[in-house]
Amino acid sequence: MAKQTVVGCERCARFGRLGYRLDTDRGQDNPTGRVVACECARELCTCGALHAPAFAPAPPYEQLPERAAAAEDETACICWRVRRHVATLNRLLRDAGIPNLYRGKLREDYHVRYPEGQVIPDAESARGQAVTWLETAVKEPTGKSLFLYGVPGDGKTLLASAFLTEIILLTRKSGLFVNLSRGYFQRLRNTYEDEPSIETTDQVFNRLTRVPFLVLDDIGVERGSAWEVEWLYNLIDARYQNQNRLIVTSNNSLEELNVLSHGRISSRLRHACMVVRLPDVDLRERFRYGA
Ligand SMILES: [Zn+2]
Ligand SMILES: [Zn+2]
């Protein structure tokens, strides 16, 4: 008997028609959005594993025990592959470090209209430019990076998080979200100085250099000891050399970032990135866009 394949349906079309989709219906049991088996896969499942009403493997998303056997078995139920993807994707999304406020968000959660319906000037074209980058990044794992900037509260962190979520869902590769707050560097240094047994700064650096997709949230001009700025430059440069995709958000333009590291950071970003300026509107109060 030939192995069945999921043909997909409209509900999972945007996630590659592979029989899984993102469940953004947030409730008490789904506060951050999660990947679930799509209805089309549940209908085709003959073994019963997908017949529970809201199938989603519970943490810690262990490998499915029957994986090795099913890979060899031509008669294995269609749901085996779907369940494996669901488990992998929920683990990748959990490990990506996206803040809870932005988890389970997709590109359309960056709004181009106010709640009352009027158009937000330039929002649609900015999102369109950024989406062009996203669609290329999904198809080709290496290449240009993306620099999103604008005033605080304009939705750049939400957009970057949504893009990271979509990239993970469509490529099934890992990604990381890093907020470059003072606290981040503080913890990085503490790790180095006090708790070498956990992860050294070099190990963190290597992890951030190698991860297929990285978001560096909130690069700014106002912070940064010489050590921090050097660390940041080396990270951006290493990813640039390897053409590893990066999304950077900032409240500052590249011109303003010129003061960092004698202009080396902004110069690297200028070469590495497609630059998108988001509209100058603070939408925090309207859309829960966060800081
Ligand atoms: Zn489907
Ligand atoms: Zn099944």
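This is a predicted model: local features need pLDDT of at least 70, side-chain atom pairs count only at pLDDT 80 or more; totals for chains, interfaces and linings use all residues.
**Entry 1: the whole chain**
I began with an overview of the protein chain. I counted 10 helices and 7 strands in it. How many of the 291 residues count as buried? I found that 34% do. Then I looked at contacts between residues at least 6 apart in sequence, and 74% of these join residues at least 24 apart.

**Entry 2: α4 and α5**
Next I picked a pair of helices. I remind myself that two packed helices are described by the angle between their axes and the distance between the axes. Helix α4 covers residues 123-139 and helix α5 covers residues 156-171; their axes are 10 Å apart, at an angle of about 25°. Angles under 35 degrees count as roughly parallel, so α4 and α5 are roughly parallel to each other. I noted that α4 passes α5 in a right-handed crossing.

Which residues meet here? From α4 I listed Ala130, Leu134, Ala137 and Val138, and across from them in α5 I listed Leu159, Phe163, Glu166, Ile167, Leu170 and Thr171. Sorting the residues of this contact gave me 8 nonpolar, 1 polar and 1 charged.

**Entry 3: α7 and α8**
I then turned to helix α7 (residues 201-210) and helix α8 (residues 226-242). Their axes come within 9 Å and cross at roughly 35°. Is the crossing left-handed or right-handed? I found that α7 passes α8 in a right-handed crossing.

On the α7 side I wrote down Phe205, Leu208 and Thr209, and on the α8 side Leu235, Ala238 and Arg239. I sorted these too: the contact of α7 with α8 has 4 nonpolar residues, 1 polar and 1 charged.

Key
Residues are numbered from 1 along each chain as its sequence is written. Chains are lettered from A and ligands numbered from 1 in the order in which they are written. Axes are lines fitted to C-alpha atoms, for helices over the stretch in contact, and angles run from 0 to 180 degrees between N-to-C directions. Helices (H or I, at least four residues) and strands (E, at least two) are DSSP runs, numbered from the N terminus. A crossing is left-handed if the near helix is turned anticlockwise from the far one by less than a right angle, and right-handed if clockwise. Two residues are in contact if their C-beta atoms, placed from the backbone, lie within 7 Å. Ala, Val, Leu, Ile, Met, Phe, Trp, Tyr, Cys and Pro count as nonpolar, Asp, Glu, Lys and Arg as charged, and the others, Gly among them, as polar. A residue is buried if 20 or more other C-beta atoms lie within 10 Å of its own, exposed if 12 or fewer, and partly exposed in between; C-beta atoms are placed from the backbone. Angles under 35 degrees count as roughly parallel, over 145 as roughly antiparallel, 65 to 115 as roughly perpendicular and the rest as oblique.
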